[in-house]
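Student: I would like to take a close look at one part of this protein. Could you please describe the charged side-chain pairs and their surroundings?

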Amino acid sequence: MSSFRLLLAPALVIPLSGCPEDEEILTHGYVKLEMRRGESQATNPFVGTASVIATMDYDDCLKGFYDANPSLTQDGPEGAKVFGTREDGGEGWADRLCEDGQESSQASCTITELEQQLEKVKQLTITYNITDELENHVLLFGPLPTKATAKCADPIVKVSANGAIKGRNGDGDTVWETESFSPNAAVTGQGGEIVVKASRVE
């Protein structure tokens with residue numbers, strides 16, 4: 001288990017042949033979490049949210065991918081640049097996940113921690129610092145290998161329990177938890193969101 005940090009590793013950004021230099025083929029992508037109030041909530045449960053902690057489990061394809069490619073794990077020499085910042089020289093998903101304009105209704109945020117667990121339960125946990133409105137906005141969850149990178153049809157991540165996605169205030173107290181989510185899984189790069197419905201913690 002480890003958190004993102006700055007390490008040197010070979011670049012994973014591949015320019016498109018014949019295209020402008022700033023275009024790139026990404027080896028990793030994301031799934032979307034759309035934050036909505038739960039059916040039981042008459043008012044916005046996200047008020048006062050300073051951070052969101054989201055954990056998703058890797059399905060069989062991604063478990064096998066990281067077993068076969070240890071250099072692309074968060075601790076690996078290549079994976080460090082995928083999970084790290086743009087200053088590392090790679091894809092820089094610690095920055096990319098909260099960049100403006102990637103998706104409509106994207107939440108304003110910064111990433112404070114990425115933590116990949118590959119021992120018993122294989123999963124990824126992201127801590128987002130929330131800087132504006134969260135209700136009816138989308139958080140991007142990744143980095144996740146694309147189909148081409150993973151070499152399987154379904155690089156899936158899934159929400160395993162309601163407690164896997166929650167919000168905290170500036171004091172670190174949990175202010176909301178997931179009431180329900182639908183669907184419970186998503187494939188890297190799919191168009192649809194996992195809708196997370198939240199309820200206030202009293």
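Tutor: The following account takes the salt bridges one by one and then turns to the nonpolar core. The model is a predicted one, and seven salt bridges are present in it. One of them joins the side chains of Lys32 and Glu103, with an N to O distance of 3.5 Å. This pair connects distant parts of the chain, 71 residues apart: Lys32 belongs to strand S2 (residues 28-37), whereas Glu103 sits in the loop between helix H3 (93-96) and strand S4 (109-117). Lys32 has a relative accessible area of 8% and is therefore buried, while Glu103, at 22%, is partly exposed.

A further salt bridge pairs Glu34 with Arg36, whose closest N and O atoms lie 2.9 Å apart.

In another pair, the side chains of Lys122 and Asp67 meet at 2.6 Å, N to O. Lys122 is in the loop between S4 and strand S5 (123-130) and Asp67 is in helix H1 (residues 60-68), so this bridge ties together parts 55 residues apart in sequence. Lys122 is buried, with a relative accessible area of 14%, but Asp67 is exposed at 55%.

As for the nonpolar surroundings, the largest nonpolar core comprises 45 residues, among which Tyr128 and Phe141 touch the most other members. Strand S6 (residues 137-145) contributes the most to this core, with five residues. Beyond its neighbours within four places in sequence, Phe141 is in contact with residues including Tyr30, Val31, Leu33, Met56, Leu97, Leu124, Ile126 and Tyr128.

Notes:
Residues numbered from 1 in each chain as written. Predicted model: local features only at pLDDT ≥ 70, side-chain atom pairs only at ≥ 80, totals over all residues. Heavy atoms only, no water. Core = buried A, V, L, I, M, F, W, Y, C linked by side-chain atoms within 4.5 Å. Buried < 20%, exposed > 50% of the residue type's maximum accessible area, 1.4 Å probe, protein only. Helix = DSSP H or I, 4+ residues; strand = E, 2+ residues; numbered from the N terminus. Contact = heavy atoms within 4.5 Å. Salt bridge = Lys/Arg side-chain N within 4 Å of Asp/Glu carboxyl O.
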